[in-house]
Each structure stands twice: as C-alpha cells, then as structure tokens.
Amino acid sequence: MTRIAAVHGALAPHRRTQSEITDMVARVCLPKDTDRRVLDRLHRSTKVRSRHMTLPLEHYGELDGFAAANNVFTAAATDLGAQAVRDALHIAGLSAADVDLLIFTTVTGIAVPSIDARLVDRLGLRPDVKRLPLFGLGCAGGASGLARVHDYLLGRPDQVAVLLSVELCSLTFQRNDASMANLVATGLFGDGAAAVVACGANRPVRPDGTAGPTIVDTRSHLYPDTGRVMGWDIKDSGFQVVLDPRVPDVVRRHLADDVEGFLGDHGLKPRDVTAWVCHPGGPKVLRAVTEALDLPEKALDVTWRHLADVGNLSSSSVLHVLRDTLAEHRPPPGTPGVLLAMGPGFACELVLLRW
C-alpha cells in the first residue's frame with residue numbers, strides 16, 4: 001500500500017471577504033446599471049465567508065482576454081506550486097532529490113512547458129524525475145491525482161511521488177458575463193494549491209506521527225450522458241464555466257451505489273467509515289452527498305468549514321480537507337476512510353484510506 005507522508009496546502013496571497021469579492025464581480029461582470037440583487041443572493045447562498053485571490057481585486061477588470069489571464073496563471077501557479085511542494089517535502093523529511101515522480105493537476109490555466117517542468121530546476125528536482133501533467137479533471141483532480149500516485153507506487157514500492165494541484169479559479173471569471181453559471185462560479189471558487197508526498201510500501205516514512213494514512217484502493221466512475229453537466233466552453237475570453245443545476249441530482253442518483261459497491265469489495269459498509277474527506281462542491285452538492293450516503297449530521301464538518309473559510313479550490317480543495325482532517329480530527333488508527341470528489345465528465349473519484 002501507499003503511505004501518505006505529508007499533505008500541505010497553500011493559498012493565494014490576497015484574502016478578501018465574500019462581500020468585497022461580490023462588489024468586484026458586480027463591477028466587472030454585470031452590465032452597467034444592472035440590478036445586482038440576483039448576484040448578491042447567489043453569492044450569499046454559497047455559504048462562503050472569505051476567499052484568497054491571486055490578484056488585488058482592482059486588477060481583475062484589467063484582465064482583457066485569455067492571454068492576459070493565462071500569463072498571470074503561469075507565473076503565479078509556478079510560485080504557489082513551488083511553495084506547496086517545498087513545504088510538503090519539508091514536512092515529510094525528504095529532499096527534492098528524493099522525488100521520483102511529480103504529477104501536476106489543474107483546470108484553470110495552460111502552460112507549455114507545463115508547470116511541473118518549470119519546477120524541476122526551481123526546486124532542485126532530479127533531471128530524470130518523471131512528470132505527468134493532468135488537465136481537465138476539474139474538482140476531481142485532487143482525488144484522481146492521488147489515485148494515479150497510488151497506481152505508480154504499487155509498481156515501484158521503493159520510490160517517492162509528489163502530487164501538486166494548483167487552481168487559480170479567479171483568473172477564469174468572465175468579464176461582462178451575467179449568466180447564472182458565471183455568477184455562481186464567481187461566488188464559489190477561490191485560489192489555492194496543495195501538495196501530497198507519498199511513499200511506496202518499501203520506502204520508510206518519518207516515525208514521528210506526522211505521516212498520513214495508507215491508500216488501500218481507488219475507483220473511478222464516469223456517468224453516461226452527463227458531458228454538459230460541468231466543464232468549460234473555451235472562448236476568446238478564456239474558460240467560460242459550464243455548471244448545470246442538475247449536479248446535485250446526479251449525485252443523489254449515482255453516488256450511493258458507487259460508494260457502497262466500492263466499500264463492499266473490501267467487506268465494509270458506509271457506517272464503518274470513520275472520516276469522510278469530501279470535496280466542497282457547494283452547499284447543494286454537500287447536502288446531496290449527505291443525503292445519498294445517509295451520513296451523520298457532522299460527518300462533513302471539516303468540508304463545510306473549508307468552504308466557508310476559503311471557498312471551493314477545485315482540485316486542491318479535497319487535499320486541504322485531508323490535511324485538516326489529519327491535523328484536527330485524526331481518526332482512530334487502523335480504521336477506514338473515504339476521500340471523494342466529483343468533476344467534469346461527469347465523474348466520481350473515490351480513494352479508500354486506512355488511518
């Protein structure tokens with residue numbers, strides 16, 4: 001099995017309250033003299049209190065087109081990603097030279113060479129480090145990336161792998177777009193990164209209690225006829241969000257069967273799980289997850305708090321929730337946990353953990 005040696009989260013530099021961000025969105029996204037009451041209501045309904053932004057709020061109106069936003073993404077993602085990986089390796093007691101595989105996931109910008117390639121010299125990674133950039137997994141990317149780390153280490157149990165997620169969602173907000181999908185997204189998503197250091201079964205980890213759980217198994221499920229439920233439409237102005245209000249219904253229809261079948265293959269039931277590490281897809285999605293899995297009232301408290309404090313960080317969020325679970329609500333050793341996230345496709349990613 002794969003052992004998680006460290007999880008570290010990093011946030012973009014400019015922290016702002018939800019009301020400050022709503023005011024910026026009203027200026028940048030709504031036509032002049034538009035009644036903003038719908039915007040205000042949508043942003044309040046996200047239950048987000050504050051978020052971290054890549055740029056000062058007054059600069060978002062200056063991002064004229066995809067090229068300008070993506071240039072900011074490339075520079076800022078490299079900086080934030082370097083911080084996240086460096087700190088995660090320090091927590092794990094490992095050096096950059098120990099890393100055999102670097103997986104990078106994002107859905108909020110593109111770069112060639114990819115961000116992982118730009119980090120090799122900057123962090124002092126070996127020139128023969130294997131790299132795997134992943135794009136398009138959206139909010140599921142943190143869980144899917146962790147699963148691919150596990151797949152790799154199963155075949156190379158003496159090695160070390162790092163998963164890096166960087167999502168600068170604010171750079172995708174569309175100027176002069178008063179669509180419901182854009183207004184919801186501008187009220188929900190924030191900017192951040194996360195890095196996970198994982199070791200194969202034969203690679204020792206620090207014995208001081210900082211290490212995380214082992215990964216027991218993973219599962220992916222892509223649902224048919226849901227390609228337009230979530231994703232991007234690529235426009236001259238950048239990434240225009242596709243966000244169908246049916247997302248909670250898809251969760252209610254499919255999630256329970258997926259989770260119960262996954263756990264059942266290991267002789268487990270949902271009631272055996274001592275911690276649910278769930279991506280904060282938004283209030284309606286979290287309520288749908290709770291209902292579908294018949295979870296106890298406080299089972300997703302860490303996820304709800306993460307949503308309120310920093311918003312939805314796309315693929316980075318579930319890794320932040322994992323970090324906070326380990327730091328503040330570490331379950332009893334040897335008990336099972338489930339890490340889950342959903343994203344474009346529409347798809348569900350599940351990771352079975354042993355604490």
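Biologist: Which glycine takes a positive phi just after H4?

Modeller: This is a predicted model, and the place to look is the end of helix H4, which spans residues 115-123. Just after H4, a positive phi of about 80° is taken by glycine 124.

Biologist: Why do the buried residues of H4 lie on the same side of the helix?

Modeller: The buried residues of H4 are Ile115, Asp116, Leu119, Val120 and Leu123. An α-helix has 3.6 residues a turn, so residues three or four places apart point the same way.

Biologist: Which helix and which strands do the buried residues of H4 pack against?

Modeller: The buried set includes Ile115 and Leu123. Its packing partners are helix H3 (66-92) together with strands S4 (101-106), S5 (130-135) and S6 (160-168).

Biologist: How many residues apart in sequence are the parts that aspartate 79 and arginine 122 tie together?

Modeller: The side chains of aspartate 79 and arginine 122 meet in a salt bridge, with 2.7 Å from N to O. Aspartate 79 is partly exposed at a relative accessible area of 40%, and arginine 122 is partly exposed at 42%. Since aspartate 79 belongs to helix H3 and arginine 122 to helix H4, the parts that the pair ties together are apart in sequence by 43 residues.

Biologist: Where does arginine 203, the salt-bridge partner of aspartate 98, lie?

Modeller: The closest N and O atoms of aspartate 98 and arginine 203 are 3.4 Å apart. Aspartate 98 lies in the loop between H3 and S4, whereas arginine 203 lies in the loop between strand S7 (191-199) and strand S8 (214-222).

Conventions: Residues numbered from 1 in each chain as written. Predicted model: local features only at pLDDT ≥ 70, side-chain atom pairs only at ≥ 80, totals over all residues. Heavy atoms only, no water. Buried < 20%, exposed > 50% of the residue type's maximum accessible area, 1.4 Å probe, protein only. Helix = DSSP H or I, 4+ residues; strand = E, 2+ residues; numbered from the N terminus. Contact = heavy atoms within 4.5 Å. Salt bridge = Lys/Arg side-chain N within 4 Å of Asp/Glu carboxyl O.
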